[in-house]
Amino acid sequence: MTATSLPEVTRPTSRTAGRPTPGAGAVRAYLGLELRRMLRNRRSLVFSFVMPPVFFLLFGTSAEYRSTPVGPDTNVVAYVLVSMALYGALLTATSGGAGVAVERAQGWTRQLRLTPLNPWAYVLVKVLASMTLGAVSVVVTLVVGAFAGARMPVSAWIACALIAWFGSLVFAAFGLFMGYLLPTENVIQILGPALALLSFAGGLFMPLGDTWFATVAQVVPTYGLAELVRAPLGGGSVSAAAVVNVVAWTLIFLAGAVWRFRKDTARV
């Protein structure tokens, strides 16, 4: 009798090899779950949706601002308004992304590693959920501004809203990256002041002028978004540095989020 040789079994070469690719239905289901989870965090929602309009009403609606033009058919109130709308989108998106820190503490991300959901799909769901709430923050702030003296063309209203919403993509990835990078118990306390500091340093809250600080600010993540969101108001063109700034930081934060997700779940 001759021994029958068994076929050689080849093991998957990576932790994701051999797993089925998640379909669009699975991604949509997880996105719905993530949105419901974020909507249950009432404290974060109030902080994100109420603070930007309140800041706008406090600092951007003076009589002088109403009568001071910035560009064709625009005034300073509109300038402050779009800045606060962008800040609200960034704040909402960052908080949503940083919620991953809680999931890490609960072991949720490690369990996800056992499912067909790959790192890029996980990051995509987190970013989309944060951007959805960021869009709500932008709309709320702009509606308040429409009744508070902001003046700009209809095309500028639409363009500024879309740019502010797109800006939430950058900081949704930033919040997700930081949620994996920072200690769970400190992530929200650190990111709130950090985002405010980045907004000041990047010229979101005030013009940078022509000083040396304006040159340094070009490497701050909020710099490009601040310039882009105010471009539809007129009075200036968008620099190449602003576009490069936005693209570069988006790629850095997305890649960092995927890297930390892989590293955090590597032992599963």
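Me: By class, which residues make up the lining of the second largest pocket?

Reply: In this predicted model, the lining of that pocket has 10 nonpolar, eight polar and two charged residues. The second largest pocket has a volume of about 480 Å³. Of the 20 residues that line it, Tyr79, Pro207, Leu208, Glu227 and Arg230 are the closest to its centre.

Me: Which helix gives the most to the lining of the second largest pocket?

Reply: Helix α11, residues 223-230, gives the most, with four residues.

Me: How should I read the packing of α8 and α11?

Reply: Two packed helices are described by the angle between their axes and by the distance between the axes. Here, the axes of α8 and α11 come within 8 Å and cross at roughly 165 degrees. Because angles over 145 degrees count as roughly antiparallel, α8 is roughly antiparallel to α11. The crossing is right-handed. Cys160, Ile163, Ala164, Gly167, Val170 and Phe171 of α8 meet Leu225, Leu228 and Val229 of α11. By class, this contact has eight nonpolar, one polar and no charged residues.

Me: At what angle do the axes of α8 and α9 cross?

Reply: The axes of α8 (residues 154-181) and α9 (residues 187-201) cross at roughly 140 degrees and come within 11 Å. That angle makes α8 oblique to α9. Helix α8 passes α9 in a right-handed crossing. On the α8 side, the contact is made by Phe171, Phe174, Met178 and Gly179, and on the α9 side by Val187, Leu191, Leu195 and Leu198.

Conventions: Residues numbered from 1 in each chain as written. Predicted model: local features only at pLDDT ≥ 70, side-chain atom pairs only at ≥ 80, totals over all residues. Heavy atoms only, no water. Axes fitted to C-alpha atoms, helices over the stretch in contact; angles between N-to-C directions. Helix = DSSP H or I, 4+ residues; strand = E, 2+ residues; numbered from the N terminus. Parallel < 35°, antiparallel > 145°, perpendicular 65-115°, else oblique. Left-handed = near helix turned anticlockwise from the far one by under 90°. Contact = heavy atoms within 4.5 Å. 1 Å grid on protein atoms, 1.4 Å probe; cavity = no way out; pocket = protein on both sides within 12 Å on 5 of 7 lines; lining within 4 Å. Points joined across faces, edges and corners; volume = space filled by probe spheres on them. Nonpolar A, V, L, I, M, F, W, Y, C, P; charged D, E, K, R; others polar.
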